[in-house]
Amino acid sequence: RVKLRTAYAFDNVYNTHIKPTFEKAVISEIAPRHITTWQNDLKMKGYKNTYLLMIQEHLCRILNFGVRFGYIDKSPFVNRFAKDITQRKVEMTFWTIDEFNKFIQKIDNDTYYAFFMTLYWTGIRRGEAIALQIRDVNFTDNTLRISKTYDSVHKVTTTPKTSNSYRLVQMTSELKNTLSDIIAHDRQFDGCTDDSLLFGVNTPLAPESIKQRQIKAA
């Protein structure tokens with residue numbers, strides 16, 4: 001009942017952080033002290049608290065599943081989620097308009113220029129931007145319709161992250177002009193229709209290429 005990308009993430013967490021410790025354990029014999037030892041080992045690896053809590057929540061869910069369906073009488077996960085109390089909360093960072101303008105001037109590819117402009121001036125997620133089609137741009141209302149996202153791991157387009165992710169996002173006049181130019185450019189290619197991708201026409205932008213261009217221009 002979860003998205004393919006979510007199941008993939010769950011598998012990674014299990015295989016990396018839970019399976020190595022508990023794979024050969026008899027579940028009914030796992031005691032709170034074993035959970036504590038595992039938690040302490042995790043803390044020693046220097047993960048951020050948000051990641052530490054997520055790993056522990058995964059094991060807690062597995063054990064609660066065992067209780068709910070009668071495999072074990074009670075969960076041994078009775079401890080509070082362990083975290084590093086010395087860690088400072090990381091503040092969200094963002095680019096000022098001047099910083100972004102310096103960055104965007106270094107992007108010499110029209111498609112990536114339009115892509116980064118869209119990310120900055122709308123705040124939509126990267127996957128949502130990759131999945132945009134030409135038909136999602138409304139130049140009359142100056143809006144972008146967000147109704148899907150791109151899963152770069154499995155290379156498929158899916159529904160957005162949550163039901164609240166379906167939305168219309170307002171475009172600035174500068175972004176409107178930028179997208180108008182990129183669409184006019186893309187219309188020159190054979191096979192380009194309203195169903196074509198806004199960025200890349202037939203080929204979704206690769207996350208690694210996006211990252212490399214961002215690092216190079218930053």
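Is Cys60 buried or exposed in this structure? Cys60 counts as buried, because its relative accessibility is 17%, and buried here means under 20% relative accessible area, with exposed being over 50% and partly exposed lying in between, for a 1.4 Å probe and protein chains only. Cys192 also counts as buried, at 12% relative accessibility. As for disulfides, meaning a pair of cysteine sulfur atoms within 2.5 Å, the count comes to 0.

Before I go on, a word on what we are looking at. This is a predicted model, in which local features need pLDDT of at least 70 and side-chain atom pairs count only at pLDDT 80 or more, while totals for chains, interfaces and linings use all residues. Residues are numbered from 1 along each chain as its sequence is written, and side-chain values use heavy atoms, with hydrogens and water left out.

Let me turn to the aromatic rings. A pair of aromatic rings is described by the distance of the centres and the angle of the planes. Rings of Phe, Tyr and Trp (for Trp, its six-membered ring) pair if their centres lie within 6.5 Å, and planes under 30 degrees apart count as stacked, over 60 as edge-to-face and the rest as tilted. A search of the whole structure finds 13 aromatic pairs. One of them joins Phe22 and Trp38, which are edge-to-face, with 5.8 Å from centre to centre and 65 degrees between the planes. This pair links distant parts of the chain, since Phe22 belongs to helix H1 (residues 4–22) and Trp38 to helix H2 (residues 32–43), 16 residues apart; helices here are DSSP runs of H or I with at least four residues, strands are runs of E with at least two, and both are numbered from the N terminus. Phe22 is buried, with a relative accessible area of 13%, and Trp38 is buried too, at 3%.

The rings of Trp95 and Phe103 have their centres 4.6 Å apart and their planes at 50 degrees, so this pair is tilted. Here Trp95 is partly exposed, with a relative accessible area of 32%, whereas Phe103 counts as buried at 3%. Both residues belong to one aromatic cluster, which also includes Phe100, Phe115, Phe116, Tyr120, Trp121 and Phe199.

Now for the strands, where two strands pair if DSSP finds at least two bridges between them. An open sheet of 3 strands has the order E1-E2-E5, with antiparallel pairing, and its edge strands are E1 and E5, each of which pairs on one side only. Strand E1 (residues 137–138) is joined to strand E2 (residues 143–146) by 2 bridges, and Asn138 stands opposite Thr143 in E2. E1 and E2 form a hairpin with 4 residues between them, and Asn142 in the turn has a positive phi of about 60 degrees. On the other pairing, 4 bridges join E2 to strand E5 (residues 167–170), with Ile146 opposite Arg167 in E5.

Finally, the largest pocket. A pocket is an open set of points on a 1 Å grid over the protein atoms alone, where a 1.4 Å probe fits, with protein on both sides within 12 Å along at least five of seven lines, and lining residues have an atom within 4 Å of a point. About 490 Å³ of space lies in the largest pocket, where volume is the space filled by probe spheres set on the points, which are joined across faces, edges and corners. Of the 21 residues that line this pocket, the closest to its centre are Lys3, Arg5, Thr149, Tyr150 and Lys161. H1 gives the most to the lining, with 6 residues.
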